[in-house]
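This report walks through one protein chain for a reader who has not seen it before. Please keep the sequence and the structure in view while reading.

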Amino acid sequence: MTHRAHNFSAGPAAIPLPVLERAQSELLDYGGTGMSIMEQSHRGPTYDAVHNRAIADLRSLLGISDDYAVLFMQGGARGQFAMLAMNLLGDGVGAYVDTGNWSFLAEKEAAKFGRTATVWTGRDEGYCRVPAADEIAVPAGASYLHYTSNNTIYGTQFPGTPDPGDVPLICDMSSDILSRPTDVNRFGLIYAGAQKNLGPAGVVLVIVRKDLLALSHDKLPETMSYKLMAAKNSMLNTPPTFAIYLVGLVAQHLVGLGGLDAVEAINERKAELLYRTIDESGGFYSPNAAPGSRSRMNVSFRSPSAELDARFVAESAAADLVGLKGHRSAGGLRASIYNAVPEESVRALVDFMGDFARRCG
Ligand SMILES: Cc1ncc(COP(=O)(O)O)c(C=O)c1O
């Protein structure tokens, strides 16, 4: 049997085992072509079918209407911090909700291209929560409202969707896309780096309302223009074909599980088990996120001391529980329990946590 670790990495992260097995089985001879999918022209019919099937399955999972274009882009989610502003900021103000490092960096990058405003920040509270709906006021003259639905580092997540008033709502959904049903119609644009819930690193999913494409002006670099990428079905230049193929397999896998309602139910169970273990540890473990803001994807927590955190990381790794060290900017511990992390891995983790607390508490 192949050795598979319990993988709690924040990203690149676990990929569903059936997806890896299918990719393995198709690696040398994709569909009788005598070649791997990554060895084929992106202009040929075989890749074209893979590309369009991936888009179709994403559309079906998220209920994306024809009012939206589905793009595969490059440059990582951070590339979108800039591209978003290059395409959509114009002369208006980019309004940003600052719920952690990534949203902070998104605004900083956008500020190179125009005016921005921080409409709420959780910095002084250690990014332990996301704002309530009535704490976000979008300024007059805003081009859009940007927020990060799930804060990968601090382990917080918006339980619902903020109301942007009459400006487009933009969301960095990198670390919780496809983890729950989402009403795409409420958004102007959603972007997500693939390497957490969608597949491997190297591709970014962008879902953009088609009326916004007119804002992409002609001076933009071609591969960074939403308008041109949409016009060319993301094949203006060579797309990251193998990454898109894997994203397509992940989407097929989720369709097979019963879609996002089914996926959400599994994610709820996993998160509930982990938070219950933290809450019932008699104070040994403490979560970073305040009640009401707890992420179901990244559970950031700590033990009573930095020394015990380090021991936890070393001993858990020895028990084949991998990737539990907190992000360098937040410290502590973090269990990323994306879609592809099996419930069995979460059970192994909570068993380890209980044992560790008994030995060290
Ligand atoms: C929410 C969020 N946004 C953006 C990024 C940056 O992604 P990338 O490394 O693809 O640029 C990350 C990476 O972890 C993230 O978690």
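## The start of the chain

Met-1 counts as exposed, because Met-1 has 3 C-beta neighbours inside 10 Å and the cut-off for exposed is 12 or fewer. The model is a predicted one. Met-1 belongs to the segment that comes before β1. Between the C-alpha atoms of Met-1 and Val-204 the separation is 33 Å, and the two residues are 203 residues apart along the chain.

Further on comes a cis peptide bond, which runs from Gly-11 to Pro-12 and has omega near -5°. Pro-12 sits in the loop between β1 (6-7) and α1 (17-26).

## Two domains

The domain assignment divides the chain into domain 1 (18-257) and domain 2 (260-360). The C-alpha centres of domain 1 and domain 2 are 27 Å apart.

Where the domains meet, 24 residues of domain 1 are in contact with 25 residues of domain 2. On the side of domain 1 that touches domain 2, at least two residues come from each of β6 (150-151), β7 (156-157) and α6 (241-257). By class, that side of domain 1 holds 10 nonpolar, 10 polar and four charged residues.

Is strand β2 (residues 68-73) mostly covered or mostly open? Strand β2 is mostly covered, with six of its six residues buried. Tyr-68, Val-70 and Phe-72 point one way from β2, while Ala-69, Leu-71 and Met-73 point the other way; all of them are buried.

Strands of a sheet pair through backbone hydrogen bonds, and the pairing is either parallel or antiparallel. For β2 and strand β10 (residues 204-209) the sense is antiparallel, and the pairing extends over six bridges. Tyr-68 has Arg-209 as its bridge partner in β10.

In soluble globular proteins, nonpolar side chains tend to be buried together. The largest nonpolar core in this model has 100 residues, and the residues with the most contacts inside it are Leu-71, Leu-205, Val-206, Val-247 and Ile-337. Helix α6 gives the most to this core, namely 10 residues. Both domains take part: the core draws at least three residues from each of domain 1 (18-257) and domain 2 (260-360).

Which residues does Ile-337 touch, leaving aside residues up to four places away in sequence? They are Phe-8, Lys-270, Ala-271, Leu-274, Met-297, Val-299 and Val-346. There is also a second, separate core of five residues, and this second core includes Tyr-127, Ile-153, Tyr-154 and Ala-289.

## A three-stranded sheet

Three strands form an open sheet in the order β11-β12-β14, and the pairing is antiparallel. β11 (286-287) and β14 (333-336) each have a single partner strand and stand at the edges, so one side of each is left without a neighbour in the sheet.

Two bridges join β11 and strand β12 (residues 298-302) in the antiparallel sense. Within this pair, Ser-286 has Arg-302 in β12 as its bridge partner.

## Two residues with positive phi

Ser-234 is a residue other than glycine with a positive phi, near 60°. Ser-234 is placed in the loop between α5 (226-231) and α6. Ser-234 is buried, because 25 other C-beta atoms lie within 10 Å and the cut-off for buried is 20 or more.

Asp-320 is not a glycine either, and its phi is positive at about 75°. The loop between α8 (306-318) and β13 (321-322) contains Asp-320. Is Asp-320 buried or partly exposed? Asp-320 has 14 other C-beta atoms within 10 Å and is therefore partly exposed.

Technical notes. Residues numbered from 1 in each chain as written. Predicted model: local features only at pLDDT ≥ 70, side-chain atom pairs only at ≥ 80, totals over all residues. Domains from an automatic or database assignment. Contact = placed C-beta atoms within 7 Å. Helix = DSSP H or I, 4+ residues; strand = E, 2+ residues; numbered from the N terminus. Nonpolar A, V, L, I, M, F, W, Y, C, P; charged D, E, K, R; others polar. Pairing = 2+ DSSP bridges. Core = buried A, V, L, I, M, F, W, Y, C linked by C-beta atoms within 7 Å.
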